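Subject: Structure for your files

Hello,

Here is the structure I said I would pass on.

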Amino acid sequence: MLITAALVLLTAGTVNLQPHGWSSGTIWLLVLGGAMLAAFLVLEMRVTDPLVPLGVFRNRSVTVANVISPLFAVSLFASFFLLSLYAQRVLGYSPALAGVVSLPLAACTTAGALASSRLVPRIGPRPLLIGGSVGTALGLAWFARLSPGDSFVTGILGPSVVTAVSSGFMFL
């Protein structure tokens, strides 16, 4: 219950920062959420059968993966959202066509995930996670250079394929 309440409060505090700012009690949601998260960690250290054995974080690979995973998820889902906005607001596409424009991103993510499931037994997870992270970063950097005059192939399809296949490698 502590971790759920902590995450709910931290999420509510983060969501309320934009419309309400720091002054309207939002800071107290974040402080209370942080305090509950700390209480959860203290409790986990003291119980004999913890929900999250904190010793697992001594493994550097686990710790790095737990830092990279949320960053990766945020960047991938943001790219879907921003690509849809770009297609509708800049290129003037209808919402349906903007959804079609996002299909290569979704399809290539699936293809990358299927390929990674076959590659893990052969080469292990580390090369896939490193390659997927680097490829995703390169694809997102390519998206960042997107301008209104770009064609569909160079402006949307190219970075979509690079980002999506690379991010698919990270779904092990």
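The notes below cover the core and then the pockets.

This is a predicted model, in which local features need pLDDT of at least 70, side-chain atom pairs count only at pLDDT 80 or more, and totals for chains, interfaces and linings use all residues. Residues are numbered from 1 along each chain as its sequence is written, and side-chain values use heavy atoms, with hydrogens and water left out.

Ser 160 sits in H7 (residues 152–169) and is buried, at a relative accessible area of 1%. Beyond four places in sequence, Ser 160 contacts Leu 83, Leu 105 and Phe 143 (heavy atoms within 4.5 Å).

Pockets are open sets of points on a 1 Å grid over the protein atoms alone where a 1.4 Å probe fits, with protein on both sides within 12 Å along at least five of seven lines; lining residues have an atom within 4 Å of a point. The largest pocket is lined by 13 residues, and H3 gives the most, with 7. Leu 83 and Phe 143 are among the residues that line the second largest pocket, where H3 again gives the most, with 5 residues.

Regards

How values were computed. Helix = DSSP H or I, 4+ residues; strand = E, 2+ residues; numbered from the N terminus. Buried < 20%, exposed > 50% of the residue type's maximum accessible area, 1.4 Å probe, protein only.
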